[in-house]
Amino acid sequence: SLMLKALFSIIYKFQSLFETTFEEYLTHQGASPITRKNYRADLGQFLGWANEIISSTKPAALDSHQSFLRAISPELLEQYKREQSLNKTPIASINRRLSTVRAFMKCAILQGWITQNPTEGLVNVKETTIPTTQSVSTALLSPPKQETLQNNTRKTMNLFETTFEEYLTHQGASIVTRRNY
């Protein structure tokens, strides 16, 4: 219908404005091309999701890009995070998307589009650990052997993190991207 086409053209206009401005913001922040590409994709995904929710719950919020952004509440962001988890999105991807939304909201504040940042209390998803046979068997080791195993595991993880950090640096990943991993 004509109403639906008008609605989509408005969202497209907002999204184009948001993406262009956000791209400039990220460039100014020194984000690498890889980070900008990932954040651009994440922002498009988030805006599409938010548009679906907001257009069905608060259609008046679609009147302007400012009112659209004001409709993005901490509760809506928690819902977004919850739905990502329920859809089995990898934790690293969820957390990168949350980082994208946080950065975008900072950009929106700098632009004067919103005055309050809905992402202030938004925390990343934590890895949930399920006891494995190995961790259960570790508990059966004597305390000195447990400590040795934990120290070796820590050393291995430190080595892996250092090597991965060097790899990301070599690939041209920005500090923000490296910190997110």
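This is a predicted model: local features need pLDDT of at least 70, side-chain atom pairs count only at pLDDT 80 or more; totals for chains, interfaces and linings use all residues.
**Figure 1. The protein as a whole.** The protein holds eight helices and zero strands, so that its elements, followed from the N terminus on, run α-α-α-α-α-α-α-α. When contacts between residues at least 6 apart in sequence are considered, 63% of them join residues at least 24 apart.

**Figure 2. The crossing of helices α2 and α5.** Two packed helices are described by the angle between their axes and the distance between the axes. Here the axis of helix α2, which spans residues 33-57, and the axis of helix α5, which spans residues 91-111, come within 9 Å and cross at roughly 85°. Because angles of 65 to 115 degrees count as roughly perpendicular, α2 is described as roughly perpendicular to α5. On the side of α2 the contact is made by Asn38, Tyr39, Asp42, Leu43, Gln45 and Phe46, and on the side of α5 by Arg96, Arg97, Ser99, Thr100, Val101, Ala103 and Phe104. Sorted by kind, the residues of this contact between α2 and α5 divide into six nonpolar, four polar and three charged.

Figure 3. Leu47 is found in helix α2 and counts as buried, because its relative accessibility is 3% and the cut-off for a buried residue is under 20%. Not counting residues up to four places away in sequence, Leu47 touches Gln15, Phe18 and Phe68. Ile72 lies 25 residues from Leu47 along the chain, and the C-alpha atoms of the two are separated by 10.0 Å.

**Figure 4. Thr21 in helix α1.** Helix α1, made of residues 2-28, contains Thr21, which counts as buried at 10% relative accessibility. Once residues up to four places away in sequence are set aside, Thr21 touches Cys107, Gln111 and Trp113.

Figure 5. The side chain of Ser67 reaches the backbone oxygen of Ser64 at a distance of 3.0 Å. Apart from residues up to four places away in sequence, which are not counted, Ser67 touches Ala60, Ala61 and Leu62.

**Figure 6. Lys88 in the loop between α4 and α5.** Lys88 lies in the loop that runs between α4, residues 74-86, and α5, and with a relative accessible area of 71% Lys88 is exposed. Most residues other than glycine have a negative phi. Lys88, although not a glycine, has a positive phi of about 60°.

Technical notes
Residues are numbered from 1 along each chain as its sequence is written. Side-chain values use heavy atoms; hydrogens and water are left out. Axes are lines fitted to C-alpha atoms, for helices over the stretch in contact, and angles run from 0 to 180 degrees between N-to-C directions. Helices (H or I, at least four residues) and strands (E, at least two) are DSSP runs, numbered from the N terminus. Angles under 35 degrees count as roughly parallel, over 145 as roughly antiparallel, 65 to 115 as roughly perpendicular and the rest as oblique. Contact means heavy atoms within 4.5 Å. Ala, Val, Leu, Ile, Met, Phe, Trp, Tyr, Cys and Pro count as nonpolar, Asp, Glu, Lys and Arg as charged, and the others, Gly among them, as polar. A polar contact is a pair of N or O atoms within 3.5 Å; within protein, one must be able to donate a hydrogen and the other to accept it, and residues adjacent in sequence count only if both atoms are side-chain atoms. Buried means under 20% relative accessible area, exposed over 50%, partly exposed in between (1.4 Å probe, protein chains only).
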